[in-house]
Structure formats: C-alpha cells, structure tokens
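The structure comes first, then my notes.

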Amino acid sequence: MNATQLAELARNGSAESTGELVSALTDLFCRAPDDERERVSLVFGDIVLRVLDRLECAARSALSQRIADDDGAPKDLLKALAADEDLDVAAPVLEQCRNLSDQDFAEVAETVPASHLLVLSQRKVIKPVLSRVLAQRGEPQVLHALTRNHSAIIGVDSFDLLVARARKDVELQEALSERPDIPESSAERLVPFLSREMAQRIKDLNVNEVLV
C-alpha cells in the first residue's frame with residue numbers, strides 16, 4: 001500500500017478504514033529492516049495510539065496478537081493494549097510481552113479487571129513489584145494462581161498480605177504451605193489458621209522446612 005492510499009484511509013475516518021490503515025501500518029512495522037526498526041516503531045506507535053479508540057475489537061485483537069511478542073514494538077502502544085477492557089485484546093500482551101517491564105505491568109494491574117489480573121498472575125516470570133499489586137487487588141482466584149506460580153517472586157510484605165487474606169481461604173492456605181520461599185515471619189502468622197488436618201499433612205510430607 002502506497003502513501004496516497006494510506007492518506008486516503010486516514011482521511012476516511014470510518015472504523016473499517018481505520019482498521020485497514022492500522023493493518024497496513026502494522027505490516028510496514030513488522031517488515032521494517034533492522035536499521036530502520038526504531039524509527040519506524042516510533043512513527044507506528046504514535047499514529048496507532050491516536051486512532052486506537054476508533055478500532056473495532058476484532059481489529060484491536062488482531063493488532064495485539066501481531067505485536068505482543070515483538071521486542072521492538074512501541075511500549076506505550078503495548079501498555080494501551082494490555083489495559084484494554086476486552087480480554088481478547090489484552091491477553092496476548094499480558095501473556096507474551098517481553099518488551100514491558102514488571103513495573104509497566106504493575107501500573108496496568110492497578111486499573112484492569114480481575115480477568116486481566118488472572119492472566120498476569122500466570123506469567124512465567126513475575127517480580128515483586130507486580131506480585132505486590134496482584135496480592136493487593138486480586139480476587140481469590142488470582143491469589144491462588146499467583147501463589148501456586150512458583151516462578152513468581154513474592155516479597156515479604158506481599159507474603160504477609162497473602163497470609164492475612166488466607167485466614168478464611170483454605171485453598172490459599174494450602175498454596176502458601178507449598179511455597180518453599182515463604183519467610184519465617186509469614187509462616188508464623190499462617191500456622192494458627194491451619195486446620196489440624198492440614199498442619200499434620202505438612203508435618204508428614206515434610207516438604208516445607210519453614211512451616212514444619
């Protein structure tokens with residue numbers, strides 16, 4: 001598609017034309033040679049962000065799927081897609097993106113709904129800055145997924161918060177009891193919540209030295 005055709009799509013302003021424009025720009029970005037990638041990424045991100053709210057959900061979803069795992073994709077655009085209210089749009093970035101930091105994802109996690117938090121809690125690598133927001137905002141299903149994700153690094157303060165939220169949540173108690181990295185101070189707070197059966201099982205299995 002040449003510059004004249006792109007300009008015509010931009011002038012049209014309809015959702016369909018905007019979708020075609022973004023698709024064409026995405027093609028240009030994905031095919032850009034390495035020595036022009038950074039410059040093209042800046043222009044691509046700037047233009048698409050301006051029209052993102054005019055795109056239909058299917059077009060936003062297609063865009064997200066194409067650039068989610070691209071290390072050169074514009075960060076501001078990736079964050080906007082990650083925070084999209086439609087999970088079909090947000091999920092590819094939440095699951096696959098490597099170009100956003102855990103701080104970026106923590107900022108996204110402050111505003112997105114529970115469905116998005118659940119996807120974030122299952123990322124392969126989670127650092128304390130993100131686990132803290134998930135522990136603070138997450139509903140039980142999110143807390144269970146985060147705690148059972150043993151690649152997630154959970155800070156002492158987040159462990160304390162999880163323990164406090166586990167008082168009446170047996171599944172969360174069990175997930176916490178399986179964390180070999182639970183700090184001793186958090187373990188001391190957890191033990192009084194445990195049922196006799198769970199406490200005995202922890203002793204019998206002897207897989208968590210801190211709790212035993």
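Leaving out its neighbours within four places in sequence, I find S121 in contact (heavy atoms within 4.5 Å) with I126, L134, V142, A145, L146 and N149. I note that this is a predicted model, in which local features need pLDDT of at least 70 and side-chain atom pairs count only at pLDDT 80 or more, while totals for chains, interfaces and linings use all residues. Residues are numbered from 1 along each chain as its sequence is written, and side-chain values use heavy atoms, with hydrogens and water left out.

I placed S121 in the loop between α8 (114-120) and α9 (128-137), where helices are DSSP runs of H or I with at least four residues, numbered from the N terminus. Is S121 buried or exposed? S121 counts as buried because its relative accessibility is 0%; buried means under 20% relative accessible area, exposed over 50% and partly exposed in between, with a 1.4 Å probe and protein chains only. I also noted that the side chain of S121 reaches the backbone oxygen of L118 at 2.6 Å.

Next I looked up S186, which lies in helix α13 and counts as buried at 0% relative accessibility. Its side chain and that of D160 are joined by a polar contact of 2.6 Å, a term for a pair of N or O atoms within 3.5 Å where, within protein, one must be able to donate a hydrogen and the other to accept it, and residues adjacent in sequence count only if both atoms are side-chain atoms. Not counting residues up to four places away in sequence, S186 touches V156, F159, D160 and V163.

For helix α11 (residues 156-165), I list S158, F159, L162 and V163 as the buried residues. They lie on the same side of α11, because they cover an arc of only 140 degrees around the axis, the arc being that of the directions from the helix axis to the C-beta atoms. These buried residues of α11 pack against α9, α10 (140-148), α12 (170-177) and α13 (184-190).

I then turned to helix α5 (residues 75-82), whose buried residues are L77, L78, L81 and A82. They cover an arc of only 135 degrees around the axis, so they sit on the same side of α5. An α-helix has 3.6 residues a turn, so residues three or four places apart point the same way. Among the elements covering the buried residues of α5 are α3, α4 (57-67), α6 (87-96), α7 (102-109) and α8.

How values were computed: Helix = DSSP H or I, 4+ residues; strand = E, 2+ residues; numbered from the N terminus.
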